[in-house]
Amino acid sequence: MPFIEVIDPASAQQIREVATERMTHALCRAYGIKPEIVTCYYFSAPNYSYGHAGKHGENAEKFRIFIKVHAFPRAQNLKERAASDITDAVSDAYGVDAKSVVLYFFDTQQSDAFHAGVAAT
């Protein structure tokens, strides 16, 4: 079930291919899951569509890559490992400092996840 949402600047296909492979591997290693159940979605936000600290576009701080991991609940130590490994994967793939990568986990109960209209429980 896990899926990863990435909001990045408009990026080359090659960068996203590398990021997808490495993020999937990182999440699978941390959570003990198979890559066949991990999906990545990318949403581009050009630099001028970004705001931070009350400033927009060119006046905003350096663009951050924002990542959301949606998955069934996991222990804190597994999230920490996943966060560290995914941050490294994205930092390497995009050639940015780890401080430019922000990651949030969204825990979803199995009873709240539906595939083909059927609850995952």
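This tour goes through a predicted model, one selection at a time.

**Before you start**

Residues are numbered from 1 along each chain as its sequence is written, and side-chain values use heavy atoms, with hydrogens and water left out. Local features need pLDDT of at least 70 and side-chain atom pairs count only at pLDDT 80 or more, while totals for chains, interfaces and linings use all residues.

**Stop 1: the sheet**

Show the cartoon. Helices (H or I, at least four residues) and strands (E, at least two) are DSSP runs, numbered from the N terminus. Four strands make an open sheet, ordered S2-S1-S5-S6, with mixed pairing. Two strands pair if DSSP finds at least two bridges between them. At the edges are strand S2 (39-44) and strand S6 (101-107), each pairing on one side only. On average, neighbouring strands of this sheet are turned by 15 degrees against each other, direction ignored. Such angles use axes fitted as lines to C-alpha atoms, for helices over the stretch in contact, and run from 0 to 180 degrees between N-to-C directions.

**Stop 2: strand S1**

Select residues 3-8, strand S1. S1 and S2 run parallel, joined by six bridges. Pick Val6: its bridge partner in S2 is Tyr42. Now follow the chain from S1 through H1 to S2: this β-α-β crossover is right-handed. That means that, with the strands pointing away from the viewer, the path from the first strand over the helix to the second runs clockwise.

Turn to S5. Five bridges join S1 to S5, and these two run antiparallel. Ile4 has Val69 as its bridge partner in S5.

**Stop 3: helix H1**

Select residues 13-31, helix H1. H1 lies across S1, S2, strand S5 (65-71) and S6, and runs at about 135 degrees to S2.

Which residues of H1 are buried? They are Arg16, Ala19, Met23, Thr24, Ala26, Leu27, Cys28, Ala30 and Tyr31. Buried means under 20% relative accessible area, exposed over 50%, and partly exposed in between (1.4 Å probe, protein chains only). The buried residues of H1 pack against S1, S2, S5, H2 and S6.

Stay in H1 and select Arg16. Arg16 counts as buried because its relative accessible area is 16%. Beyond residues up to four places away in sequence, Arg16 touches Asp8, Pro9, Ser11, Tyr42, Phe43, Ser44 and Tyr94. Contact means heavy atoms within 4.5 Å.

Step off the end of the helix. Gly32 follows H1 and has a positive phi, near 65 degrees.

**Stop 4: the core**

Show the side chains of Ile4, Met23, Leu27, Ile67 and Ile86. They touch the most other members of the largest nonpolar core, which has 25 residues. A nonpolar core is a set of buried Ala, Val, Leu, Ile, Met, Phe, Trp, Tyr and Cys residues joined through side-chain atoms within 4.5 Å. S1, H1, S2, S5, H2 and S6 each give two or more residues to this core. H1 gives the most, with seven residues.

Centre on Leu27. What is it in contact with, leaving aside neighbours within four places in sequence? Its contacts are Pro2, Ile4, Gly32, Ile33, Val38, Val69, Ala82 and Ile86.

**Stop 5: two alanines in loops**

Most residues other than glycine have a negative phi. Select Ala53, in the loop between strand S3 (51-52) and strand S4 (55-56). Ala53 has a positive phi of about 55 degrees, although it is not a glycine. Is Ala53 buried or exposed? Ala53 counts as exposed, because its relative accessibility is 61%.

Go on to Ala116, in the loop between strand S7 (114-115) and S8. Its phi is also positive, near 55 degrees. Ala116 is exposed, with a relative accessible area of 85%.

**Stop 6: Thr121**

Finish with Thr121, in the segment after strand S8 (118-119). Thr121 has 64% relative accessibility and so counts as exposed. Not counting residues up to four places away in sequence, Thr121 touches Gln110 and Ser111. Thr121 and Gln109 are twelve residues apart in sequence and 8.9 Å apart in space, C-alpha to C-alpha.
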